Amino acid sequence: MASDAGLREAYEPTAKLEQFYSGGALTLLAGGLIACACEETIKVVDRRSGAVKFTLPGDGSAITALACSPKGDRIYTASRGLQLTCWSTSTCKAVRTWKTPKAPVVHLTVDASGGLLGAGSADGNVRVYDTDGFFCTHSFHAHSGVVLQVVFQSQQLWLISAGDDGSIVLYDLVAKKRLAALKGHFSAVTALALTPNGWGLLSAGRDKTAMLWDLRSHARLATIPLYEAVEGAVVLPPSLPVLAPLAPSLGKDHVAFAVGGERGRLSLWRTDTSQCILPQPSAAGSTAAAAAAQAGEEITHVQLEGAGELLVCSGDGRLSLYDLQAATPQPASSLPSPHTLVSNLDEVTDLRLMAPDPATRIPSRLAVATNSPHVYLFDISHNADSAQSQQPQGDAALEVSCAAVLRGHDDIILALDVARGADGTGDLLASGGKDAKVCLWDTRRQVCVAASVGHAGSVTALAFSRRSAGKWLVSGGADKLLKVWDTSALVQAVGSDEARDAGKPGKLQAITAVATHDKEINAVTVSPNDALLCSASQDRTAKVWKLPELVLQLTLRGHKRGVWAAQFAPRDRVAFLSGGAQLMSTGADGLLKLWSVQSSECTATLDSHEGKVWALDTPTTSSDAFLASGAADGSLVIWRDCTAEKREERAQEAVAGAQSRQALANALQAEDFEEAARLAFQLNQPARLLSVITAAMDRGRDRCETLLRGLAGAWDVNQLATALAAAAKWNTNGRHCHAAHALLRAIFLEHPLDDVEKVRGIGDTATALAAYTQRHLARMDRLLRASYLLDYTLERLHVLTPLDTLGGPPLQQAAEKDAAVAPATPEHSSEPPQSPMVAAVPSALRPAPAAHTDEAQLQGAGLAGTPHTNQEASAQQADAHEAPLGSGAGAEEASMQSKLGAKQGSTAKKRRSEGRSSTGKRSKKQAALDDGSAPVGQAEPGPTPPPSAVHRPAAHAATSVETPKGSQQVRKPGKAKGNTRSSHKPIALSSVKKGKGFSDKQNRRTSL
């Protein structure tokens, strides 16, 4: 078993091809880019690698037209949803969007100055828009059908349009009128191009002709028969090297042009002689055109950039770029080989990596089979930007470009395999498809060297011999047959001079054929020593056969559904990677999973596909530094082993983490909360950050806010997401909600809402914050309302002292004033003595005694013998006492109090009479007390200060109340026993007797 040091831990995509064009509009951009319509979006790709640089989202409907400004800073799009949009290529955002009336726009063009935008619609109208104000400046209706082409003639500010009615119309934008109609085509005009001097116009259409027009005289100068329906045409500048031999012989006002159409081949023509500069393909006539159309090879777009790069787009999504500046062919020669981009692989059915470099172990070629009758060969090279960098060659990003398209099958290709040697190199490729054909290809010369039809159904699986490097080939198909083919002679002849001279592909000879399974065969694989063959079938079994006789050795049962893959372990072990210690699998979820054989656990998951992954391959059985995968979404990814880099990164992160944790501990020890908060957030330790924020809040709100604002001000969008997630988690706990909201306050003070809206998942985070915040607010509201009951209870027990009577400058000034004006107290005064605490309170802040209120009035008011706990009532009594006698306020208040006392006294008498009727006889002394008069033989007591003026220092202190002579000294407990509600009921001291209202024990305690 391989050691842990040799195990693969991670792979990263080093090159990726994905769909970027789905047909329709496309245009060349400045800076080596191409803008392509991909269903409802616009994808901008690099011309060399085909990598998607950025994507414009669109408006949700199909894109119908594209145009680019001359500077390349703007892209104009039109959609089937009747919407025009101006995009900025620097910000990838829409600058302006506006609607078009009635019908979709089919073609867009921008004039040389970039100030005008021309749009041809499906309703036959041509409109011109100002690109600064985005308003319509001109509108013309001249075609009876769809407007297919629109171009500007900038010298006279003319506009030229062509439609499917076969007419070409000129408009004068200055005079805002129609100049002329050029008629000569009998079918739709699909291409318009101006000559270099600007006064000639080339038109081509589906009537298989091209015409040259003089715009000044509106005359037709030449008619060129093209023998094919044309979809695109461009005029070639005479300065191009490819036209250098023809420039002297071209007539005046005549040009050379390139056209492409239904035959799928680009051709060059001259207008003076109506001859083809480059010859057409050998096949001619409608049969060749129909075959090209069926194969998706017809040309749909031809565009020329000013630098001399010609773009040709075919119906199957291939973009071919011809560098005409570098080509110097003689007449009657062929164009240089184009650089090809495959914009849409559709569904990848199989792939194989080929010819790895022995030094870097990087494969140099990739063969891909899709649901088409062609095999695509991709060249894998180092990215030019990465090659100039300081990265090692093996670590640089790779660039994948289509090198060739192998044509030989008549239906979809289902299986591929490569005859690899011990070092993984091999140039012999085998392919099998639904046409029941097996083809062998020489990938160096890109030709088919042998083909044979030996199956009665689709060929679904292929496998070359391993040890003998392609000595024979095994094929399996939907007809349930296994066949062994002799390929030894072909392997030796690949790349030789004999193979180059052979024009026609040879035929394969079958060595053995056996009917094997009950259903179609899905996969075949050969053991590393070429001794055994394993076949997997849809009948839920896998069978092992002896090679090359195909003798059955073993039948493997256990699967509940069809078996789609089988693989022999290298060196007789069960593994794919790391010398037998790991497996790599693919699935319908678009994921690649790396498994450990020893622990049966998934150690890594690779995600770069959006569809089912049908194909997976490594360069050799001994080299797994690179992988290639293909999926049903048309994406193709080359993976590079990055285990060493990941381990190095983890080691560095561990060292940095240890240093940061030590620095965090030091900062906490020194109470440097700013540094501690920064380190805690950097280490992704929300619990430690919470403790730092809590400690800072204990030191003061201002310090905490300064700390958090300084911390939040340096966060980006990703860090904001982390902070908001932590705040949402803290907010779920009532003990930590204050820290959470302090952090939220700092975030919203330092970052605008636009930045917060960019946070991923902000909606869910905001919902969680709002839910728990409402709970916290409700809890605080309940606590606040409950505190009112506590205040009321303490006030009724007279254990609260107003804050303004406890000290401060007002208290000191009032005390000094009382000391200056107050007369000396006589030794024998009728006033009862005051406690030192009450005496220390100034009279201005102390409630005055009710001088004209006797015991009967207090008892009638229900306040006899009860502490006056209402502070407002005490203040009113103090105001009434301090007011001069006979004053309006004092007299009126005294009258109101007298009336209130009389009313409450009558109520009290009524209650006492009811009590006498129920309790029987009462003593004369008790009756006298109830009536408010003194008993017989006892003098009337003097005025007594109200109980509210007596200071109670503590809530549980005993309260002593002065009573008339003969009454009991009652000790009222501060903490009631029994029913708490009855403990707050006022007790009339005049009615308290021994044995009534208190127990004997309490009376004894009171007498003490």
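These notebook entries record what I looked up in the structure, which is a predicted model.

**Entry 1: a sheet**

I began with the strands and found an open sheet of four, in the order β6-β7-β8-β9, with antiparallel pairing. I then asked which strands stand at the edges. They are β6 (63–68) and β9 (93–99); each has a single partner strand, so one side of each is left without a neighbour in the sheet. I also looked up the angle between neighbouring strands of this sheet, which are turned by 20 degrees against each other on average, direction ignored.

**Entry 2: the pairing of β8 and β9**

I next followed strand β8, which covers residues 83–88. How many bridges join β8 to β9? I noted six, and the two strands run antiparallel. Within this region, I found Trp87 opposite Ala94, the latter in β9.

**Entry 3: aromatic rings**

I searched the whole structure for aromatic pairs and recorded six. For Phe681 and Trp715, the ring centres are 4.4 Å apart and the planes stand at 25 degrees; planes under 30 degrees apart count as stacked, so this pair is stacked. I located Phe681 in helix α6 (residues 673–682), and Trp715 in the loop between α8 (701–712) and α9 (717–730). The two residues are 34 residues apart, and the pair links distant parts of the chain. Are Phe681 and Trp715 buried or exposed? I found both to be buried.

I also noted one aromatic cluster, formed by Trp98, Tyr129 and Phe134.

**Entry 4: a charge over a ring**

Lastly, I looked up Tyr772 and found Arg775 over the face of its ring, at 4.8 Å from the ring centre.

Key:
Residues numbered from 1 in each chain as written. Predicted model: local features only at pLDDT ≥ 70, side-chain atom pairs only at ≥ 80, totals over all residues. Heavy atoms only, no water. Pairing = 2+ DSSP bridges. Axes fitted to C-alpha atoms, helices over the stretch in contact; angles between N-to-C directions. Phe/Tyr/Trp six-rings, centres within 6.5 Å; stacked < 30°, edge-to-face > 60°. Buried < 20%, exposed > 50% of the residue type's maximum accessible area, 1.4 Å probe, protein only. Lys NZ or Arg CZ within 6 Å of the ring centre and 35° of its normal.
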